[in-house]
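Please take a look at the protein below. This short briefing covers its pockets, its cavities, its core and the confidence of the model.

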Amino acid sequence: MTHHDHNVGLQISRRRFLGSTALTAAAAPALALWEPHTSQAGASAAASFGAANAYLESAVSAAQWIDSARREDERGIYWLPEPDHPDKLATVSAPNTIYSGSAGTVLFFLQLAAATGEPRYTETARRGADFLAASWRDIVDKPAAGFLSGSGLNLSLYGGLAGLAFVLIETSKSTGDPTYRDAARAATQYIVAAATKSGHGVQWSGAPGIAADGSIVLYLLYAADELHEPAYRDLARRGGDRALELAIVDPRGGLSWRGFPRFPGLPEDAYFPNFEGGTAGVAYVLARLHQATGEVKYLEAASQGAKHLRSIATVRGNAALIPYRFPDLTDVYYLGFCHGPAGTARTFHELHRITKDPIHLEWTDRLAQGVVQSGVPELQTPGFWNVVCQCCGSAALVDLFLGLWASSGRGDYLEYSQRVARQLVSKGTNLDGKGTRWYQAWTRVKPWEVSAETGYSIGASGVAAALLHVHLASQNKYSAILLPDNPFPSRRVA
């Protein structure tokens, strides 16, 4: 997959789902000639081909498969990240984190319990939270091999301790049990103590992006409110001050940030502009700091970050996408959360919410239209390959468009989220009767490496959560547990 595949417009569809379009075209004549025999059940039989509760049924089936990977010890329960390879205790992040570990699975079961009212799901979440409360020190004392487990990154929201603490607080809120909140407070105190002075602020990993220190700042703002500790907000401000010092005045306009640590194998001048590892995420963090502190300097820098993003975007009419990476992959457009509009649209939405400047609302919708006009989910593009997860795939798009709908009430956003969700349901696998899981090629440049994981950002927990969200939205009962980097409403009742 080279960087010489740019097509005119945003129909970046050099690759399609292998065989899907051809199969549809080949099957169409046969389907056109086929008509069911008239019978007493004719109308209901035709309607039965699309299950009315497919989203919920798929989420419940995924819970069955996830729980088939359950393991238990004296501390509680946890889940294998990749059940087809039970020897693996960790993949991308440590075993008890959000990205590919058990913290994300607890987050899913909390939401499934709330949506269904089933006490067994609450009990599963509690036992998983017991394990998190007892094992949080493992994240810092027993570093895992995943790339999100590096120094400082192991304290972040998705790959580390901040995410675990977030899930414990949410478990305490859902169950009323204060012991989980107490454990979260202890983990948060560790994060506070791990901050090191840098410039006029503090840092943890030295990288200000959402994948790193930016998410710790967001967690501290959340924890300041939930744990009633104003000192956490003060420390978050100091993290923001360090991010301000790392800003780069970009010759194309505005301010930019290099949000990732230097990873081996990347070009020396590699720049990721989007949400998880770049300018979009840092600008979002600064916007949230302005909201929390009232300090104008954070909002000014965030607005300059948005100006930079607009300056580097590819615009076609009312649609826009921001390239994946500079300077070498400027014609590859990821569409998910990590490097695409499912994340970056959050920045413009948050800036509009704060400033009411219509340019930010316009760009929120432009990024959404960039997704729609790319041709996904029916087409596969170089930036939207065989991937379904919350990080970079279909589940991220479901939750983006649900968030836009929950904020605006626009029916076209809800309809598009349902369209992606239907495709997502169709890609689930349950041939062995153990429950639904999703096989995907998480690494874009290695399409032959296909796996099914249980975690939230990378696997079935996050996919099933997205389906649960769209089920609730379709029932006019939308409710979701949203992480601190998500600006959209967590509820909407039409």
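On a 1 Å grid over the protein atoms alone, a pocket is an open set of points with protein on both sides within 12 Å along at least five of seven lines, whereas a cavity is a set of points where a 1.4 Å probe fits but cannot get out; lining residues have an atom within 4 Å of a point. Grid points are joined across faces, edges and corners, and a volume is the space filled by probe spheres set on the points. This is a predicted model, in which local features need pLDDT of at least 70 and side-chain atom pairs count only at pLDDT 80 or more, while totals for chains, interfaces and linings use all residues. Residues are numbered from 1 along each chain as its sequence is written, and side-chain values use heavy atoms, with hydrogens and water left out.

- The largest pocket holds about 660 Å³ of space.
- Among its 24 lining residues, Phe147, Tyr324, Tyr334, His339 and Trp442 are the closest to the centre.

**Cavities**
- The structure holds two cavities of 30 Å³ or more.
- The largest cavity has a volume of about 280 Å³, and Arg346, Gln390, Asp399, Tyr456 and Asn486 lie nearest its centre.
- Helix H15 gives the most to the lining of the largest cavity, with four residues.
- The second largest cavity has about 90 Å³ of space.

**Core**
- The largest nonpolar core has 149 residues, of which Phe108, Phe109, Phe166, Trp204, Tyr219 and Leu286 touch the most other members.
- H15 (residues 394-408) gives the most to this core, with 10 residues.
- A nonpolar core is a set of buried Ala, Val, Leu, Ile, Met, Phe, Trp, Tyr and Cys residues joined through side-chain atoms within 4.5 Å, and buried means under 20% relative accessible area with a 1.4 Å probe, protein chains only.

**Confidence**
- The mean pLDDT (the predictor's confidence in each residue, from 0 to 100) of the chain is 90, and 89% of its residues reach 70 or more.
- Over residues 1-48 the pLDDT is below 50.
- Where pLDDT is low, the predicted coordinates should not be read in detail.

Technical notes:
Buried means under 20% relative accessible area, exposed over 50%, partly exposed in between (1.4 Å probe, protein chains only). Helices (H or I, at least four residues) and strands (E, at least two) are DSSP runs, numbered from the N terminus. Contact means heavy atoms within 4.5 Å.
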